[in-house]
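Trainee: I would like to learn how to read a fold from a coordinate file. Could we go through one together?

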Amino acid sequence: MRSLFDKDPNRFSNHSIQYNDILFDFSKNRITEETIRLLVNLAKACNLGSAIENMFSGKQINTTEQRSVLHTALRSQSNEPLIIDGINVREDIEIELAKIREVSHKIRQGEWLGSTGKPINDLVNIGIGGSHLGPQMVTEALKPFISDALRVHFVANIDENDIDDTLAKLDPTTTLFVICSKTFTTQETMFNATTARNWVLQTVKDESLLANHFMAVSTNLDATLDFGIAPENVFAIWDWVGGRYSIWSAIGISAMLAIGPENFEQLLLGAYQVDEHLKHQPFEQNIPVIMALLGIWYNNFYLAESIAVLPYPQHLHRFPAYLQQADMESNGKSVTASGKSLDYSTGPVLFGELGNPGQHAFYQLLHQGSKLVPIDVLASIENISGERKHQDALISNVFAQTEALMRGKSQQEAREELAQSGLSKEEIENLVPHKEFKGNRPSNTFLFKKLDPKTLGSLIALYEHKIFVQGIIWDINSFDQWGVELGKQLAKTILTELENDTSEQIEAHDSSTTGLMKHYLSHIGK
């Protein structure tokens, strides 16, 4: 890459795209104009244009579940009818959006009262997967936009410490729970929801008053009613919305309550504008398409097995975790959409952490390790608080790290640098191999004006569409997740066996699982 930059003074302008307030710089990659041309031809050969049209029009591109994939419809600003199974889903979407908007205003203005007539001070989102990672990430990312009047908490882990630690800080008479489970049967969510219900009932003795303290996002109205949730406080979610793409739906009500309906609508707008960008920009100037093609380039041609997403703004600290699910649950597949085994690599392992702390942790491997790890760096030009001194120091690290990864340091440069330190020739030569940086490590940089709701919506949608494009090129179904099912099924079986201590059934497992189960039972007195 050093030589590519030396030969082309316009490399940055030729390999960067300005989109609204976001600058996407992909010039620090092992690519030439010919590389981009060939990768774009690959996308065209895979009929990417038709695939994009099929997704937005509601075709059943989730073939294993015979479902449309319409998370984009949840944020659409279009009034054109979108007919799925004879129903204009745009009307249903607007009805639900209006419902959660009205409830959000009511709670934020102190008009929703708990069982003792006090306004709600705390909201607890109980979910797992996308119904946890999405609302939590958005709420954390947009902290400067949160009202002080309402505190929002998130519980996902079935480990009782998660919910116990949360409830220990709260007053049941001023706490509202939103239970996010499409089926209202998700094991982790329902364990935590039941614990929350019992906790409220310790103070609020009348079960009829539970409606003051619980809402739900679910399709199982019978189960939510049995739980004690009033029908008007149950919000819809549709089977054409995957959990990891559900932040735009009523699953996002916790985020809406935190940042306010107006800011939530800006989040939707930012994502919608990226949808339009994907649909209408030529592939050569299409950010999610270029992101996807670069990922294909390293995954399938350089055999890079991982990627790192490294946000530098503190409030994006949950963004890598959010993208882990979005990417690895979508493209962690080993068969084609038609069920044939693959003989090429698909979804990489995605990891990440805040940039500055990461520099003092795993960046050593990025700079001098034996593995090629392409990275995405995200940074804002302005801090919401306006503190320039910290911001200059932060952004200098962003620019320095990507330059260092690209340029590296040759042995000769290391030798000349060490010569200034007064070391002997022998000492210098001993150190030179350790001071060498091979460089040529690829990176993309997203530099945006500030982290506001609209920009966050755009960033999320860019990655959503990157994942989709890669799935099309790999010929896999990015919208099912059968890989999570087997473990869940076995966990239910084993839970029953542990609760009933059925020795004969325990013995039926492999020796390792049987041994672990027996060890556990012996230590809990069974």
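Trainee: Which helices each supply at least two residues of the lining of the largest pocket?

Mentor: A note before the answer: this is a predicted model. The helices are H6 (130-141), H8 (187-203), H13 and H20 (485-500). Among these, H20 gives the most to the lining, with five residues.

Trainee: How many residues line the largest pocket, and which lie nearest its centre?

Mentor: The lining has 42 residues. Nearest the centre are Thr-186, Gln-481, Val-484, Glu-485 and Lys-488. The space in this pocket comes to about 1100 Å³.

Trainee: How do the lining residues divide by class?

Mentor: There are 18 polar, 13 nonpolar and 11 charged residues in the lining of the largest pocket.

Trainee: Next, the sheet. In what order do the six strands of the open sheet stand?

Mentor: The order is E1-E2-E13-E12-E10-E11, with mixed pairing. On average, neighbouring strands here are turned by 15° against each other, direction ignored.

Trainee: Which strands stand at the edges?

Mentor: Strands E1 (16-19) and E11 (349-352) do. Each has a single partner strand, so one side of each lacks a neighbour in the sheet.

Trainee: In what sense do E2 and E13 pair, parallel or antiparallel?

Mentor: Strand E2 (residues 22-25) pairs with strand E13 (residues 443-448) in the antiparallel sense, over four bridges.

Trainee: Now a helix pair. At what angle do H3 and H12 pack?

Mentor: For a pair of helices, take the angle and the distance between axes together. Helix H3 (residues 33-45) and helix H12 (residues 287-301) pack at about 100°, with their axes 10 Å apart. Angles of 65 to 115 degrees count as roughly perpendicular, so H3 is roughly perpendicular to H12.

Trainee: Which residues make the contact?

Mentor: H3 contributes Thr-35, Ile-36, Leu-39, Val-40, Leu-42 and Ala-43, and H12 contributes Ile-290, Leu-293, Ile-296 and Trp-297. By class, the contact of H3 with H12 has nine nonpolar residues, one polar and no charged.

Terms used
Residues are numbered from 1 along each chain as its sequence is written. This is a predicted model: local features need pLDDT of at least 70, side-chain atom pairs count only at pLDDT 80 or more; totals for chains, interfaces and linings use all residues. Side-chain values use heavy atoms; hydrogens and water are left out. Axes are lines fitted to C-alpha atoms, for helices over the stretch in contact, and angles run from 0 to 180 degrees between N-to-C directions. Angles under 35 degrees count as roughly parallel, over 145 as roughly antiparallel, 65 to 115 as roughly perpendicular and the rest as oblique. Contact means heavy atoms within 4.5 Å. Ala, Val, Leu, Ile, Met, Phe, Trp, Tyr, Cys and Pro count as nonpolar, Asp, Glu, Lys and Arg as charged, and the others, Gly among them, as polar. Two strands pair if DSSP finds at least two bridges between them. On a 1 Å grid over the protein atoms alone, a cavity is a set of points where a 1.4 Å probe fits but cannot get out, and a pocket is an open set with protein on both sides within 12 Å along at least five of seven lines; lining residues have an atom within 4 Å of a point. Grid points are joined across faces, edges and corners, and a volume is the space filled by probe spheres set on the points.
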